[in-house]
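Please walk through this model with me, one region at a time. Keep the viewer open as you read.

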Amino acid sequence: MASFWAKEVPATILVAALLMWVMPMMIGTYTLTVLVIYGMLGFSLGLIWGFGGILCFGQAAFFGLGAYTYAIAAINIGDSTIPMLLAVLVPAVFAALLGAMMFYGRLTDVYLGVITLVVTLILFKFINSTAGPEYVIGKARLGGFNGIPGFQTLNVPGQPNDYIYGDPYYYFCAILLLIVYLLVSWLLKSSFGRVAVGIRENEVRVALMGYDVRARKTVLFAAGAAIAGLAGALFANWGEIVTPNLFSLGQSAEIIIWCIVGGLGTRIGPIVGAAGLAYLKFLLGQQSMIDNTLLTGIILVLFVLFLPKGLVPAIASLWRISFGRRRKLPRHGARRIRNGGVGNG
Amino acid sequence: MAEVVLETVGLTMRFGGVVASDNVDFKLRAGELRCLIGPNGAGKSTFFKCVTGLLTPTGGQVFMRGHETTGWNPHQVAALGVGIKTQVPNLMDGLDVFENIWMAARRFLPMQDAMRKTTEVIERLALGPIARTELGRLAHGERQRVELGLVVAGDPWLVLLDEPAAGMSADDVERMSDIIREMTRTAAVVIVEHDMQFIRSIANTVTVFHQGAVLMEDHVDRVMADLTVRNVYLGKKA
Amino acid sequence: MDLVFVIIVEMLYAVASLVLISAGLAIVFGMMKIINLAHGEFMMLGGYVTITAVSLGANVFIAMLIIAPVIVGLIGLVVERLVIRHLYGRLVDTMLATWGLSLFFIGLATTIFGNTTTGISTPISGFTVGDYQVNGYNFFIILIAIVLLGLMYAVLKGTRLGLIARGAMQLPDMAAALGYSPERIYMATFFCGSALSGLAGAILAPLVGLVPTSGGAYIAKAFITVIAGGPSLITGLMASSGLFGLINQIFTFAVSPVMGEVALLVAAVVLLRLLPQGVTGKFFRGRM
């Protein structure tokens, strides 16, 4: 733990600061902001899936809940501070309840995936149908497929007219991502984090040691949802509108693809995968030669077949082979994580 | 007489029409070492699973140190201070030996003590050379040893081992016998086993299972000599 | 009395469409333990093949019942050989790869057919029962669903092929030891499953305007129905389709179509929570 504070934290902050400073020179901050937000979203799934072994097909549900909570709260309150907090809390509480239902029911693997998928669908279908004027929370109309526009965006706490947008907003998001990253890193090094990884490996064994696996999974699940909710709130501020698409199956699929491509089981992987693929989509969207969806599909298939561990571990291996000392590489890898550890499913 | 640390009263486990455990009454006292033997399908492992919470019995009761634990979850049983080793080694394959044992120690000890305890256990079980090796890469015998280490690391007062000698070399088995004998100084131990030599070397009282029920419970020599037991089980030279 | 008749027909229709939508996925999941997330797209392709065949002059029923299944079955075969084959035993990986394939097919269909809605009219006209208008096509769908279930049962239980397939599904190594190539069996099974998906898509095509993204509407329902069905292929399919179809219709009548959909999804969550192994994991065990 000592080396974490002495070496890893300063190194991370340094690298992050460098990136934060350099990236805007290559990509506009408006685009960069959403890449950072997607990075945070991918990171949330990377935490619960890569480290916790919880396959969630509906991470988008928490993303959407965070965004919608922010929008609705902002319209009703007028200042952005409390809505930001609520946007983190509401998805976390929802996830805690959902998680408790699933984990205490001993649901595993595929069945977990199905239920999380279904929950996302329920939310999507429901919100999508709330276009009528009778669907209101306080002063905010849910708006159905039109979404909710025109809410108070991020302001300096207490000064509703002092907005944070544009470049400052980019730095705000980037710093938040850094903070989240450091917090999670600390969590993973703590006893809770190490036991969570143990649960991913073999939950029967961890239970036989006397740990309450169900409670721990629920907590981790809620933590991931909180991060996704935060990303949702940041997205709401960036896009200045929230729509049911945030809950969509497509969005959930994208998050999963980011993790696979980036590298499950690493912290940086999902962030890189998310930002990279989102940027690729942005670039592809500019051209009309080959269909977007077709390319995304091919990329996913190729990665599953040939680079199942994802980009980051592959690059890390390459680095080690080229420059590093020869030492045994861990064999567990992303494949085992994805297809279930012992005692799971 | 030492206190009764584990007791079952009329423990029954039915799977549909099959009665895997048939009205089993069982008593274990502090510091005792008991071996459960019997042919395949006799109900030893089912009994084991009912006691550890891996199965919920369909009838009867389980008591640990006087408290009823019938139908408890495995983690609740383990949290009482019971060490459990399953028939097929249940280990965290992607993590190394140190991490596996640390997790067991950490359950009952604060961080620093847990680290110390882990190093202690690793030394005691001669796991030093492989301490940083991933479990998935180890041979079966080594894995069994690590699992034993897991059990020991929790400082249990009751130890339940399902086939600890399976797949182990003679040296390993001897080392394990030493450790188990040491364990009985602080814990009561129940071992489900097939390896007759191993049982002879450590056992005192032996409980024989047959068709889900207890056939006989007596000193190991008397059990081995008994004709009924021989007919039921010891068809070959032990 | 007329109302009762109409309601019964609508209920049967809801169940029948679930059966149709899920059959292809059920075969592939039940026999090979593979979750083919491109199933919805196979259905979509079945629809497009039908439309194309009809526009080239084929009889609509032949296009729906023969041409579409065969072609989509062949597409499935190619998919199996190229992609699925490498991922056996890796459940989540097959889900991800087939998800990628589904995106690929959507993109492909968009490139070939464009984004606009195409459609064909239902080949069977409606008729009146008392005061109510009944869609004749619904009967056709109910009929096909029944025939399909019967056929599946007959093949699996009655033919040697079915027996071999069931054996391979239980214990592929043993089947191999007995001289049957599990590879061939998987190929054939995936072909049949894809063909069924194509058939379902072809039959359901006249009811909705077909777009490349139509598959998305089906996959979730099919997935849920199959998983909730449990290990028994046909019994499970009937059980979950029956249950969900009924609930869907009841809420559609009582409240609104959207609520009907939501009710189906909620029912799925509740069911899986109570019966994590699916319906036939607990009831009707051991049946086909």
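The contact between chains C and A takes 37 residues from chain C and 38 residues from chain A. The model is predicted. The area buried between these two chains is about 3400 Å². Carbon and sulfur atoms give 82% of that area. Three residues, Leu96(C), Trp99(C) and Arg273(C), supply 19% of the area that chain C buries against chain A.

Which pair of chains has the most contacts, among the two pairs that touch? It is the pair of chains A and C. Chain B and chain C do not touch. Their nearest C-alpha atoms are 12 Å apart.

Polar links between chain C and chain A come next. The rule finds one salt bridge across this interface. Two residue pairs are in polar contact there, both at pLDDT 80 or more. Helices H4 (91-113), H9 (215-229) and H11 (257-274) of chain C each supply at least two residues of the side that touches chain A. H4(C) gives the most, with 16 residues. By class, this side of chain C has 27 nonpolar, six polar and four charged residues.

Now look at the bridge itself. Lys125(A) pairs with Glu261(C), and the closest N and O atoms are 3.4 Å apart. The pair crosses between chains, from helix H5 (residues 109-128) of chain A to helix H11 of chain C.

A search of the whole structure finds 26 salt bridges over all chains. One of them joins the side chains of Glu254(A) and Lys281(A), at 3.2 Å from N to O. Glu254(A) lies in helix H10 (residues 249-262) of chain A and Lys281(A) in helix H11 (residues 268-286) of chain A, so the pair ties together parts that are 27 residues apart in sequence. Glu254(A) is partly exposed, at 22% relative accessibility. Lys281(A) is partly exposed at 39%. In chain B, Arg185(B) forms a salt bridge with Glu182(B), with the closest N and O atoms 3.7 Å apart. Arg185(B) is exposed, with a relative accessible area of 66%. Back in chain A, a network of salt bridges links Glu8(A), Lys189(A) and Arg267(A).

The largest nonpolar core has 258 residues. Trp49(A), Phe221(A) and Ile180(B) have the most contacts inside this core. Helix H1 (residues 2-32) of chain C gives the largest share of the core, 17 residues. Apart from this core lies another, of 27 residues, among them Leu208(A), Leu11(B), Phe47(B) and Val51(B).

What surrounds Trp49(A), leaving aside its neighbours within four places in sequence? Its contacts in chain A include Ile54(A), Leu55(A), Arg200(A), Ile256(A) and Ile337(A). Val92(C) and Leu96(C) are also in contact with Trp49(A).

Two loop residues complete the tour. Ser80(A) sits in the loop between helix H3 (59-77) and helix H4 (81-103) of chain A. Its relative accessible area is 1%, so Ser80(A) is buried. Not counting residues up to four places away in sequence, Ser80(A) touches Tyr70(A), Gln152(A), Thr153(A), Leu154(A) and Asn155(A). A polar atom of the Ser80(A) side chain lies 2.9 Å from the backbone nitrogen of Asn155(A). Ser80(A) and Gly158(A) are 78 residues apart in sequence, yet 8.5 Å apart in space, C-alpha to C-alpha.

Thr133(B) is in the loop between helix H4 (111-124) and helix H5 (140-153) of chain B. At 18% relative accessible area, Thr133(B) is buried, because the cut-off is under 20%. Leaving aside neighbours within four places in sequence, Thr133(B) is in contact with Leu95(B), Asp96(B), Val97(B) and Leu138(B).

Notes: Residues are numbered from 1 along each chain as its sequence is written. Chains are lettered from A and ligands numbered from 1 in the order in which they are written. This is a predicted model: local features need pLDDT of at least 70, side-chain atom pairs count only at pLDDT 80 or more; totals for chains, interfaces and linings use all residues. Side-chain values use heavy atoms; hydrogens and water are left out. A nonpolar core is a set of buried Ala, Val, Leu, Ile, Met, Phe, Trp, Tyr and Cys residues joined through side-chain atoms within 4.5 Å. Buried means under 20% relative accessible area, exposed over 50%, partly exposed in between (1.4 Å probe, protein chains only). Helices (H or I, at least four residues) and strands (E, at least two) are DSSP runs, numbered from the N terminus. Contact means heavy atoms within 4.5 Å. Buried area is the accessible area (1.4 Å probe) that two parts lose on being put together, summed over both. A salt bridge is a side-chain nitrogen of Lys or Arg within 4 Å of a carboxyl oxygen of Asp or Glu. A polar contact is a pair of N or O atoms within 3.5 Å; within protein, one must be able to donate a hydrogen and the other to accept it, and residues adjacent in sequence count only if both atoms are side-chain atoms. Ala, Val, Leu, Ile, Met, Phe, Trp, Tyr, Cys and Pro count as nonpolar, Asp, Glu, Lys and Arg as charged, and the others, Gly among them, as polar.
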